[in-house]
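This report walks through one protein chain, beginning with a single residue and then widening the view to the chain as a whole. Please keep the structure open beside the text while reading.

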Amino acid sequence: KKYKVSYHELNQEVYKLIQARDFDAAITAAQQCAACAEEKFGAEHPTTATARQNVSVLLKKVGRFEEAAEQLQKSLKIREATFGEDHITVAQTLHNLGELARLRGNFEESLSHYQRAFKSKENNYRFDKQMQLSVAATLSNMGEVLRILGRLEEAHKVLYKGLRIREMELPELDLDIAISCEAIGVLEQQLGHLEKAQELYERSLGIRGCRGDGGGADGDDDRESEMQRLLGEGHEDCFNALHNLAEVAFQNGDDKKAETQPGFKPEAEAHLERCLAIRRKKLGADHVDVADTILNLGTLMIEETEREDDAEQFLMESLSVHRKHYGEKSHFIRKSSNNVAEMLRRQGMHDDALPIYKDCEDISLTSFKGDSTLATLLHNKAQVLVEMQAFSGAEPLHKRALKMREELLGAKHPLVAVSHESLGKMFVGPEHPEVATSMVLLGNILKYQGRYEEAMKMLETCLQVREKVLGLEHTDVATVLNNLGVVYKLL
C-alpha cells in the first residue's frame, strides 16, 4: 500500500503538529491523511469527508480560503450522498462554507449557505441543546451577512433570535452571549439606536471583563471538530467593543466620555499593537487577521495629523494583503480603500481620493446592489467635491446619498439628518464667519452658493430629526439651530 502508517497514526501526527504551531507541516500531514482515508475507506466514505474537512480547517487558519472551500465542497458532496441533505453533518459543513464565503467577501453565496444550514438545523434538531446552540451560531453569522448586505430589518430579526437562544441555553456570562451583544450593538448603531447600542456594548464588555476574549463573527460550526478547538486562540481581545463604545459616545455628543473610554486612542493603540505582534508571530505577515489588525491601527491614526505617515503605511499594507486574499471586488477591499481615500481627503489630496471613492462605488454597485455603505461613500465623495468647490458634482451625490439613507435606514435616522445638513450647508452662500463657527460635520470653511430657501428647508428637516432622536438639549441640535440662524439672517 502507498501509506506504511495507518490513517489514525497520520491523524495523530496532524494534531501533534498543530499543538507545535507548525501549520504548514500540519497541512501537508492532513492532506496525506485525507489521501490515506480515500485509499483505505473509499472516496465517498464519511471518514474521507471528515479528513477533507480537517484539511479545510487548517487551510482557513493560514488564510488560504479558496483551497479551504474546495476541500469543504468535496466533504459536502460526500455527506449529502451518504446521509441526505438534512443531516447535521451536512448542516455543519454548509455553515462552514458560509463562513469561508463571508471571509472571501462573497456575501450572497455566504447567505445562501447559512440559510440552508439554518433550515436543516431548525427543522431536525429543535429539542437538542447543542444543536440549538449550533442554530444560534448560524443565526449570528447570517445576521452579520444580512447587515453587510444592507438588509437591516432581516438582520435585526435574525440576530435577536440567535441571542434569545443563547440566553436560554447558556450561562449569563458566556462569551457567545457577549459576541451576540456586540454584533447586535453594531446593527443598532447603524440603525441610529445609539442608547441601545451603548447598552449592548457595555453588556458585552461586562461579560468579557476585558479578558482578551475579543469579538467578531462566530466562525466555524466546530462542535464536531476537535481540530478547530486545538486551533482556537481567542479573538482580538476587547478592542472592537471598546472602540465601538467610544464611537457611540462621540455620536451622542459626549466627547469627554468617549475620550476616556478604556481602549480608546492611546490605550486602543497599545492594545492593537500587542495583538498585531502576536498575530504576526503566529500567523505570518500575509494573513488576513494580521491585515485586519493593521487596518484597525491605521484607522485609529487617520484623524491624528502628526501620525499621517504611520496611518498611510498601515492602511496601504492592509489593502495589499486584502487584495491578495480577496481580489478587487470584496467588502474588505471596499472598507480598506474607503479609509485610504478618507486619509487622502484629510491631507487635502482630493485628486488622489476621488478615483478611490469611484472604485469603492463600483464595488458597491456590482457586488452589493447598493447598500448603506454606498450611501456613505457617495456622501464622502461629495464632501471631497465640495472642498474642491465642484458644487455641481457634489449636489447630485449628496441627494443620492440622502435618498438611499431614507430608503434603507428610515427618515428619522441620524445619518439622514447628516445628509440634510450637508445639503443645507452647501446651499448657504458666500464665506461667512458666523457660518464657519458651526461647521462641525464638514470641518472646513466652504464657499457657498446663495440658495437660501433650499438651505433653510434642509436644515429645518435636519433639526426635526435631531430633536426627535437626540433630544432638545443635545449639542448637535444647537449646531443645526446655529446654522439655521445664519440662514435666516441672510434671507
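## A residue in helix α16

Glu308 belongs to helix α16, which covers residues 308-326. The model in which it is seen is a predicted one, and every value in this report was computed from that model.

Which residues does Glu308 touch, once its neighbours within four places in sequence are left aside? The contacts of Glu308 are then with Met343 and Gln347. Met343 stands 35 residues from Glu308 along the chain, and yet the C-alpha atoms of the two are separated by 7.7 Å.

## The chain as a whole

When the entire chain is considered, 24 helices and 0 strands are found in it. Of the 491 residues in the chain, 55% are buried, and the accessible surface comes to about 21500 Å², with 50% of that area belonging to carbon and sulfur atoms.

Contacts between residues can also be sorted by how far apart the partners stand in the sequence. Among the contacts in the chain with a separation of 6 or more, 63% are made by residues 24 or more positions apart.

## Two loop residues with positive phi

Where in the chain is Arg21 placed? Arg21 sits in the loop between α1, residues 7-19, and α2. Its phi angle is near 65°, which is a positive value in a residue other than glycine. With a relative accessibility of 33%, Arg21 counts as partly exposed.

Gln389 also has a phi near 65°, a positive value in a residue other than glycine. The loop that holds Gln389 runs between α19, residues 372-387, and α20, residues 391-409.

How values were computed. Residues are numbered from 1 along each chain as its sequence is written. This is a predicted model: local features need pLDDT of at least 70, side-chain atom pairs count only at pLDDT 80 or more; totals for chains, interfaces and linings use all residues. Side-chain values use heavy atoms; hydrogens and water are left out. Helices (H or I, at least four residues) and strands (E, at least two) are DSSP runs, numbered from the N terminus. Buried means under 20% relative accessible area, exposed over 50%, partly exposed in between (1.4 Å probe, protein chains only). Contact means heavy atoms within 4.5 Å. Accessible areas come from the Shrake-Rupley method with a 1.4 Å probe; for residues, only the protein chains shown count as cover.
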